[in-house]
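Good morning. Please have a look at it first.

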Amino acid sequence: MNSLIITSLEQGLIFAILAMGVFLTYKILDIADLSVEGTFPFGAFVFAKFISMGVNPIISTLMAFFFGTLAGLFTATLFTRLRIKPLLSGILTMTILYSVNLKINGKSNFPLFKYGSVFDLGSSLIVLAGTVLLIKIILDQFLKTETGYLLIATGDNESLVKSLGENSNKYKVIGLMLANGLVALSGALMAQMQGFADITMGNSIIVVALASIIIGDTIKKNSNRIKNTTRAILGAIIYKLIGGIAIDLGLNPNDLRAINAIIVIVFLSYNNFAADFLGFMKKEGGRKNVKNSKPIKEF
C-alpha cells in the first residue's frame, strides 16, 4: 500500500479521536467550542513536557488527556459562571492556551525524536486502531448511563433537564471537559506520530473536526444502526484519505487547506440539498395523497 495512504489512514485514526471530542460539543451540546484549536497543541506540549522529564509515554499521554479536561473546565467556567457567550469563551481559552503552550517547554517547537512514544508498543496502525476502538466503546457506554442521557438532553432540551431538578450547567461542564480531554489526547498522539510538538498544530483543526463529523453524517444518514461515534470515526478516516489521495495525484501540499475547506463546502451543500430534496418529495407526496383521497360521505 502507498506510504502516503498509510500515513493518511494513521492521521485519520488520530483525528477520529478529535472528531469524537468535538462531536460531544458540536452535535450533543450544540456548542461551538473554538478552544479546541488551543487544546490540540496543548495536549502535544503537555506530553512533550512529561516525556522530557522521563515519564512513561503512556502516562504522559494520559496526562495530556487530564490537562485537556482542565482546559475544558476553564471554558465551561467562563460561560456558566461568568456568563460569557460560549463562542467567545472558546476564543478566550484558545488565546490563553497559545501563551501557555509557549511557556510549557519554553519554545514554539519541541522535537520528540529522541524520546519514546506509545507507538513503540507495536505497529502504529494497530495501536491507533485499538485506542480509537477503546475510546469509542467507553464513550458509547457513557452515553447510555444516566449522566450520558442527561448530557444529551441538555443539548436537546435544556428546560426539560431543569424541570427534572437537575443543573444543566453541570452537564455542560462534563461535556466540555470530556471533549477537550479527547482533543488534547489526539494532539498528544499526533505529536508522537510526527515527532514534534509545534505551536501551529491547532491552526484550523476545528475545520478538520467539523469536516469529519459532516462527512460521517452523510454515511447512511437515515440508518439508526450506525452510532454517531462510528460516523465520526469513519468521517475522519475518509476525510484524511481524500487529502492523501489528492496529494498522491499531484496536488501541491500548500493547497491542502483550501482543499480541506472545499471538502467541507461540498459535503455541507450535499447535506442541505438532500434535506431540501427530501422535504420537497414529502410535500409532493402529501399533495398527491390529498388529491387522491376519497370524499367523506355525508349521512
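A residue is called buried here when its relative accessible area is under 20%. By that cut-off, 45% of the 299 residues of the protein count as buried. Please keep in mind that this is a predicted model.

Now the overall layout. The protein has 11 helices and 2 strands. Read from the N terminus, the order of elements is α-α-α-α-β-α-α-α-α-β-α-α-α. As for contacts, take those between residues at least 6 apart in sequence: 78% of them join residues at least 24 apart.

Let me start with helix 10, residues 228-248. Which residues of helix 10 are buried? The list is Thr229, Arg231, Ala232, Ile233, Gly235, Ala236, Ile237, Tyr239, Lys240, Gly243, Gly244 and Ala246. Just after helix 10 comes glycine 250, with a positive phi of about 115 degrees.

Helix 10 packs against helix 9, residues 205-217, at an angle of about 110 degrees, and the axes are 7 Å apart. Angles of 65 to 115 degrees count as roughly perpendicular, so helix 9 and helix 10 are roughly perpendicular to each other. Their crossing is right-handed. On the helix 9 side, the contact is made by Val208, Ala211, Ser212, Ile215, Gly216 and Asp217. On the helix 10 side, Arg231, Ala232, Gly235, Ala236, Ile238 and Tyr239 take part. Sorted by type, the residues of this contact are 7 nonpolar, 3 polar and 2 charged.

One is serine 8, in helix 1, residues 3-28. Is serine 8 buried or exposed? Its relative accessibility is 5%, so serine 8 counts as buried. Setting aside residues up to four places away in sequence, serine 8 touches Lys240, Leu241 and Gly244. Lys240 and Gly244 are among the buried residues of helix 10.

The other is phenylalanine 267, in helix 11, residues 256-292. Leaving out neighbours within four places in sequence, phenylalanine 267 is in contact with Ile214, Ile215, Thr218 and Ile242. Phenylalanine 267 and isoleucine 215 are 52 residues apart in sequence, yet their C-alpha atoms are 6.3 Å apart in space. Isoleucine 215 also takes part in the contact of helix 9 with helix 10.

Next, another helix pair. Helix 6, residues 146-156, and helix 8, residues 168-194, pack at an angle of about 100 degrees, with 9 Å between their axes. Helix 6 and helix 8 are therefore roughly perpendicular as well. Helix 6 contributes Thr147, Leu150, Leu151 and Thr154, while helix 8 contributes Ser168, Tyr171, Lys172, Ile174 and Gly175. That contact divides into 4 nonpolar residues, 4 polar and 1 charged.

Last, phenylalanine 42, which sits in helix 2, residues 36-52. With a relative accessible area of 8%, phenylalanine 42 is buried. What does phenylalanine 42 touch, not counting residues up to four places away in sequence? Its contacts are Phe67, Gly68, Ala71, Leu97, Val100, Asn101 and Ile104. Phenylalanine 42 and isoleucine 104 are 62 residues apart along the chain, and their C-alpha atoms are separated by 9.0 Å.

Notes:
Residues numbered from 1 in each chain as written. Predicted model: local features only at pLDDT ≥ 70, side-chain atom pairs only at ≥ 80, totals over all residues. Heavy atoms only, no water. Axes fitted to C-alpha atoms, helices over the stretch in contact; angles between N-to-C directions. Helix = DSSP H or I, 4+ residues; strand = E, 2+ residues; numbered from the N terminus. Parallel < 35°, antiparallel > 145°, perpendicular 65-115°, else oblique. Left-handed = near helix turned anticlockwise from the far one by under 90°. Contact = heavy atoms within 4.5 Å. Nonpolar A, V, L, I, M, F, W, Y, C, P; charged D, E, K, R; others polar. Buried < 20%, exposed > 50% of the residue type's maximum accessible area, 1.4 Å probe, protein only.
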